[in-house]
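This report describes selected side-chain features of the structure shown below.

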Amino acid sequence: VQLQASGGGLVQPGGSLRLSCAASGSISGINALGWYRRAPGKQRELVATATSGGTTNYADSVKGRFTISRDGAENTVYLQMNSLKPEDTAIYYCNAQDGPLLFWGQGTEVTVSS
(Lines give C-alpha, C1' and ligand atoms only; values in the text may rest on other atoms or scores of the structure.)
Protein backbone atom coordinates (compact mmCIF):
# COMPACT_ATOMS: atom_id res chain seq x y z
CA VAL A 1 0.00 0.00 0.00
CA GLN A 2 1.29 3.43 -0.95
CA LEU A 3 -0.07 6.60 0.60
CA GLN A 4 0.35 10.05 -0.91
CA ALA A 5 -0.57 12.96 1.34
CA SER A 6 -1.03 16.57 0.33
CA GLY A 7 -2.63 19.82 1.43
CA GLY A 8 -0.37 21.09 4.17
CA GLY A 9 0.84 24.64 4.41
CA LEU A 10 0.99 27.83 6.44
CA VAL A 11 -2.25 29.20 7.83
CA GLN A 12 -3.17 31.85 10.37
CA PRO A 13 -4.85 30.93 13.66
CA GLY A 14 -8.55 30.45 13.10
CA GLY A 15 -8.01 29.43 9.51
CA SER A 16 -8.75 26.18 7.69
CA LEU A 17 -6.88 23.58 5.70
CA ARG A 18 -7.91 20.36 4.00
CA LEU A 19 -5.52 17.45 3.86
CA SER A 20 -5.87 14.63 1.35
CA CYS A 21 -4.33 11.19 1.24
CA ALA A 22 -4.68 8.86 -1.71
CA ALA A 23 -4.10 5.14 -1.23
CA SER A 24 -2.87 2.92 -4.04
CA GLY A 25 -1.47 -0.57 -4.49
CA SER A 26 -2.92 -3.53 -2.61
CA ILE A 27 -5.80 -1.61 -1.06
CA SER A 28 -8.55 -4.24 -1.04
CA GLY A 29 -7.82 -5.23 2.55
CA ILE A 30 -7.71 -1.75 4.05
CA ASN A 31 -10.21 -1.51 6.89
CA ALA A 32 -9.25 1.88 8.29
CA LEU A 33 -7.64 5.11 7.14
CA GLY A 34 -6.54 7.86 9.42
CA TRP A 35 -4.36 10.78 10.29
CA TYR A 36 -1.67 11.13 12.92
CA ARG A 37 0.59 14.05 13.68
CA ARG A 38 3.94 14.77 15.26
CA ALA A 39 4.45 18.19 16.72
CA PRO A 40 7.98 19.54 17.30
CA GLY A 41 9.50 17.86 20.33
CA LYS A 42 6.53 15.57 20.86
CA GLN A 43 5.59 12.00 20.07
CA ARG A 44 3.32 11.06 17.22
CA GLU A 45 -0.33 11.11 18.21
CA LEU A 46 -3.62 10.06 16.69
CA VAL A 47 -5.71 12.80 15.13
CA ALA A 48 -8.62 10.95 13.54
CA THR A 49 -9.49 7.61 11.98
CA ALA A 50 -12.31 6.32 9.81
CA THR A 51 -13.15 2.66 9.29
CA SER A 52 -14.59 1.07 6.19
CA GLY A 53 -17.84 0.72 8.11
CA GLY A 54 -18.06 4.45 8.66
CA THR A 55 -16.98 4.64 12.28
CA THR A 56 -14.88 7.69 13.07
CA ASN A 57 -12.67 8.47 16.02
CA TYR A 58 -11.08 11.77 17.00
CA ALA A 59 -8.53 12.97 19.47
CA ASP A 60 -10.16 15.12 22.14
CA SER A 61 -8.02 18.07 21.12
CA VAL A 62 -9.55 18.22 17.63
CA LYS A 63 -13.16 17.21 18.26
CA GLY A 64 -15.56 19.76 16.86
CA ARG A 65 -12.87 21.36 14.70
CA PHE A 66 -11.59 18.56 12.45
CA THR A 67 -13.61 16.23 10.25
CA ILE A 68 -12.33 13.05 8.65
CA SER A 69 -14.03 11.64 5.58
CA ARG A 70 -13.39 8.92 3.05
CA ASP A 71 -14.10 8.66 -0.64
CA GLY A 72 -14.31 4.93 -1.20
CA ALA A 73 -14.41 5.19 -4.97
CA GLU A 74 -11.15 7.11 -5.01
CA ASN A 75 -9.58 5.38 -1.99
CA THR A 76 -8.89 8.77 -0.56
CA VAL A 77 -9.17 10.06 2.98
CA TYR A 78 -9.57 13.74 3.80
CA LEU A 79 -9.05 15.77 6.93
CA GLN A 80 -10.90 19.06 7.05
CA MET A 81 -9.30 21.22 9.70
CA ASN A 82 -11.14 24.32 10.89
CA SER A 83 -10.47 26.81 13.65
CA LEU A 84 -6.80 25.93 13.56
CA LYS A 85 -4.65 26.76 16.56
CA PRO A 86 -0.89 27.19 16.87
CA GLU A 87 -0.79 23.93 18.81
CA ASP A 88 -2.03 22.14 15.69
CA THR A 89 1.34 22.84 14.09
CA ALA A 90 2.84 19.47 13.20
CA ILE A 91 3.72 17.09 10.44
CA TYR A 92 0.58 15.17 9.58
CA TYR A 93 0.85 11.57 8.44
CA CYS A 94 -1.84 9.48 6.84
CA ASN A 95 -2.13 5.88 7.87
CA ALA A 96 -3.79 2.78 6.49
CA GLN A 97 -4.59 -0.35 8.44
CA ASP A 98 -4.92 -3.77 6.81
CA GLY A 99 -5.52 -6.20 9.64
CA PRO A 100 -2.33 -6.15 11.73
CA LEU A 101 -0.42 -4.24 9.07
CA LEU A 102 0.08 -0.49 9.23
CA PHE A 103 1.18 1.68 6.33
CA TRP A 104 2.33 5.29 6.49
CA GLY A 105 2.46 8.17 4.06
CA GLN A 106 5.36 10.60 3.82
CA GLY A 107 3.81 13.37 5.89
CA THR A 108 2.65 16.86 5.09
CA GLU A 109 3.58 19.86 7.20
CA VAL A 110 0.99 22.14 8.76
CA THR A 111 2.07 25.40 10.36
CA VAL A 112 -0.40 27.59 12.19
CA SER A 113 1.10 30.99 12.85
CA SER A 114 0.33 34.66 12.50
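## Disulfide

The structure holds one disulfide, defined as a pair of cysteine sulfur atoms within 2.5 Å. Cys21 and Cys94 form this link, with sulfur atoms 2.1 Å apart. The pair joins distant parts of the chain, 73 residues apart: Cys21 lies in strand E3 (residues 17–24) and Cys94 in strand E9 (residues 90–98). Helices (H or I, at least four residues) and strands (E, at least two) are DSSP runs, numbered from the N terminus.

Cys21 is buried at a relative accessible area of 1%, and Cys94 is buried at 0%. Buried means under 20% relative accessible area, exposed over 50%, and partly exposed in between (1.4 Å probe, protein chains only).

## Basis of the model

This is a predicted model, in which local features need pLDDT of at least 70, side-chain atom pairs count only at pLDDT 80 or more, and totals for chains, interfaces and linings use all residues. Residues are numbered from 1 along each chain as its sequence is written, and side-chain values use heavy atoms, with hydrogens and water left out.

## Aromatic pair and charge

One aromatic pair is found in the whole structure. The ring centres of Tyr36 and Trp104 are 5.1 Å apart and the planes stand at 75 degrees, so the pair is edge-to-face. Rings of Phe, Tyr and Trp (its six-membered ring) pair if their centres lie within 6.5 Å; planes under 30 degrees apart count as stacked, over 60 as edge-to-face and the rest as tilted.

The charged end of Arg44 sits over the ring of Trp104, 3.8 Å from its centre; this requires CZ of Arg or NZ of Lys within 6 Å of the ring centre and within 35 degrees of the ring normal.
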